Amino acid sequence: MVNRWFTERNAANTIISFLALAAIFHLLVLMGIIPYNMVWGGRLESGTSANIFEILALLASVFMIGVVAVHTGYIKTGIGKNISRNIIWIMFVFFIVGTIGNLFSDNIIEKLIFTPITVILAISCYRLAMSKK
């Protein structure tokens, strides 16, 4: 029943949507609109280290959007489904670890907002990686 509603396309669209929002969020942190103590568990000590982490997070978000877009055929490349599926499995593990990290965050907003988001992303990656297409 869940597979009928939560299709590969729905999982992909969920991942792409959340990661696009995450990319915007990272840009807002880089621009100083969102304070850097709201991210990375509130453990960053300076704006310089926050910028490095935020640039890496932004690049990771864009890369993961690309992988999902290639896997689902939104972007046509010569990359095989097995390669993209393996990367999506790595993303699944990444989001599980991120969920655990969010649960131990010192920032209550990060804990309450980003924990459910990483859970949804992990479930969506699992659904996409399990797809037989």
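Me: By the salt-bridge rule, to what number does the count come?

Reply: Side chains of opposite charge can pair when their charged atoms come close. The rule asks for a side-chain nitrogen of Lys or Arg within 4 Å of a carboxyl oxygen of Asp or Glu, and by it the count comes to one salt bridge. This is a predicted model, in which local features need pLDDT of at least 70 and side-chain atom pairs count only at pLDDT 80 or more, whereas totals for chains, interfaces and linings use all residues. Residues are numbered from 1 along each chain as its sequence is written, and side-chain values use heavy atoms, with hydrogens and water left out.

Me: Which residue forms a salt bridge with E8?

Reply: The partner of E8 is K81, with 3.4 Å between the closest N and O atoms. E8 belongs to helix α2 and K81 to helix α4 (residues 81-103), so the pair ties together parts that are 73 residues apart in sequence. Helices here are DSSP runs (H or I, at least four residues), numbered from the N terminus.

Me: Is E8 buried or exposed?

Reply: Buried means under 20% relative accessible area, exposed over 50%, and partly exposed in between (1.4 Å probe, protein chains only). E8 is buried, at 11%, while K81 is partly exposed, at 32%.

Me: How is the packing of α2 and α5 described, and at what angle do their axes cross?

Reply: Two packed helices are described by the angle between their axes and the distance between the axes. Axes are lines fitted to C-alpha atoms, for helices over the stretch in contact, and angles run from 0 to 180 degrees between N-to-C directions. The axes of α2 (residues 8-30) and α5 (residues 108-130) cross at roughly 140° and come within 9 Å.

Me: Which residues of α2 and α5 meet?

Reply: Contact means heavy atoms within 4.5 Å. Among the residues of α2 that take part are E8, I15 and F18, and those of α5 include F114, I117 and L121. I117 is partly exposed, with a relative accessible area of 22%.

Me: Which residues form the nonpolar patch on the surface?

Reply: Patches are made of residues with over 30% relative accessible area and no salt bridge; like charges are joined within 9 Å, and nonpolar side chains (Val, Leu, Ile, Met, Phe, Trp, Tyr) within 5 Å. I52, F53, I55, L56 and L59 form the patch, and together they have about 480 Å² of accessible area (Shrake-Rupley method, 1.4 Å probe; for residues, only the protein chains shown count as cover). F53 lies in helix α3 (residues 47-71) and counts as partly exposed, at 37% relative accessibility.

Notes: Helices (H or I, at least four residues) and strands (E, at least two) are DSSP runs, numbered from the N terminus.
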